[in-house]
Amino acid sequence: MLSVTRNTSQKGKFLSVVARSLSTETISPSGSQLPPPTLPPSKSPRTRLNPAPRPTVSHRHPVFPHLPPTFGRNQLLPVADSTRALLESIVAQFEAPIRYAFAYGSGVFEQDGYTSSAPGAQNAPMLDFMFAVTHADHWHSINMNQYPSHYPLHTRILGSSFVARVEEVAPGVWFNTYVPMKGVTIKYGVTTVDNLCSDLLNWKTLYLAGRMHKPIRIIKDDARVRLTQQVNLTSAVRTALLTLPDEFSERELFERISGFSYGGDLRMLLPAENRRKVGNIVRKQGPQFKELYHRLVVALPGVFWSPYSTNIQQDISPHARAAHLKKLPLNLLTGVENHYTSVLPPREADESMYWTRLAGDEKLPTVLEQELRKIVRYPSSVQTVKGVVSAGFGKSLRYSAQKVGKWWKSVGGKPSSNS
């Protein structure tokens with residue numbers, strides 16, 4: 001089981017080492033490492049003032065440039081061959097370099113309320129993609145040259161630098177929507193690998209991490225993202241366990257995890273989202289959720305979940321809950337600690353007692369839910385406003401009208417045909 005320390009500086013050092021190992025090695029076309037270039041020998045005679053150079057000694061710690069093949073296999077969820085081929089062919093159309101890509105949502109995995117989620121079928125939902133790239137400005141420059149119609153007129157005039165600056169605003173994503181490609185309509189978000197991994201580790205905004213709590217189809221993989229995604233999934237399990245009783249169903253677990261990113265979402269407060277969204281996702285995607293989380297859950301101490309049962313049991317003693325609490329993502333844990341500042345003595349006085357008392361508080365589940373809403377509220381609101389800039393007024397109006405339609409059908413008691 002992957003264990004995550006609280007020391008973010010160590011995480012940063014480790015991940016930077018992994019990133020350097022993946023990006024700085026010189027590789028030949030055949031995949032083998034090329035030797036460093038040989039400098040011509042100096043013609044000057046060797047003297048005490050001109051000694052021979054010392055042999056190069058590497059001071060870098062040895063690292064594994066690739067994760068073990070089985071690491072994170074729970075993330076590799078299968079889809080129908082036709083869907084897989086379509087998703088891969090769409091991503092392959094982009095000339096700008098994509099480090100990590102995944103497809104998500106009702107266009108990839110079935111949800112309640114859809115007549116058909118098969119891509120290309122009548123009333124099929126829009127296909128949603130997320131691309132993680134290295135340099136946003138460079139990427140948008142190439143993509144804007146290849147696909148200018150994907151961007152509204154004002155952004156083409158202002159250029160890729162403007163797009164990259166808007167993208168940087170929290171939660172750090174730029175969306176191009178209502179894009180026709182390969183006979184279907186797609187929406188794709190663009191972020192940087194650094195921003196994605198930061199959110200997966202620390203739940204800085206939960207905008208990307210929350211999407212990746214639910215089933216996704218990975219199209220282009222990256223070792224660094226796979227590692228941090230496993231941390232993200234484990235954090236979701238720990239957070240859910242702290243809000244659930246000693247015995248509960250797998251469906252309750254999945255709905256609790258799926259709901260983290262919707263709790264403070266502005267669209268859930270306004271008539272702009274299907275009120276049954278979480279239930280629609282979980283009812284149809286139970287097998288995918290179980291594949292994603294079962295191995296992670298049973299690897300945690302004090303939790304029992306038979307692969308042949310839908311019921312889960314956990315130890316809810318303060319000592320067991322403290323083990324989960326201490327390893328929550330930094331942004332969430334900081335909010336929880338700040339909430340209890342005036343109630344508990346400083347952690348430095350007796351750290352073990354501090355965590356046990358905090359974990360044993362009966363109001364902790366409510367506090368966790370409040371802090372999650374705080375994390376989600378601001379970036380989700382900002383992204384809603386950014387949508388007008390990235391999509392243009394016409395597309396934004398069309399998208400909003402569809403969302404209002406979903407909300408109206410969900411509150412009216414009728415199943416939505418486009419949830």
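## The big picture

Take the contacts in this protein, meaning heavy atoms within 4.5 Å, between residues at least 6 apart in sequence: 73% of them join residues at least 24 apart. Bear in mind that this is a predicted model, where local features need pLDDT of at least 70, side-chain atom pairs count only at pLDDT 80 or more, and totals for chains, interfaces and linings use all residues. Residues are numbered from 1 along each chain as its sequence is written, and side-chain values use heavy atoms, with hydrogens and water left out.

The protein has 16 helices and 8 strands. These are DSSP runs numbered from the N terminus, with helices (H or I) having at least four residues and strands (E) at least two. Of its 419 residues, 48% count as buried, which means under 20% relative accessible area, with exposed being over 50% and partly exposed in between (1.4 Å probe, protein chains only).

S1 (residues 100-104) runs antiparallel to S2, with 5 bridges joining them. S4 (residues 184-192) runs parallel to S2, and here there are 7 bridges. Phe131 has a bridge partner in each: Ala101 in S1 and Val190 in S4.

## The core around Phe129

The largest nonpolar core has 95 residues, and Phe129, Trp139, Leu253 and Tyr293 touch the most other members. Such a core is a set of buried Ala, Val, Leu, Ile, Met, Phe, Trp, Tyr and Cys residues joined through side-chain atoms within 4.5 Å. Leaving aside residues up to four places away in sequence, Phe129 touches a list of residues including Leu87, Phe102, Tyr104, Ile186, Tyr188 and Ile219.

## A buried serine

Over in helix H8 (residues 223-241) you'll find Ser235. Ser235 is buried, with a relative accessible area of 4%. Not counting residues up to four places away in sequence, Ser235 touches Trp203, Lys327, Leu328 and Pro329.

The protein exposes about 21,200 Å², and carbon and sulfur atoms supply 57% of that. Accessible areas come from the Shrake-Rupley method with a 1.4 Å probe; for residues, only the protein chains shown count as cover.

Technical notes: Two strands pair if DSSP finds at least two bridges between them.
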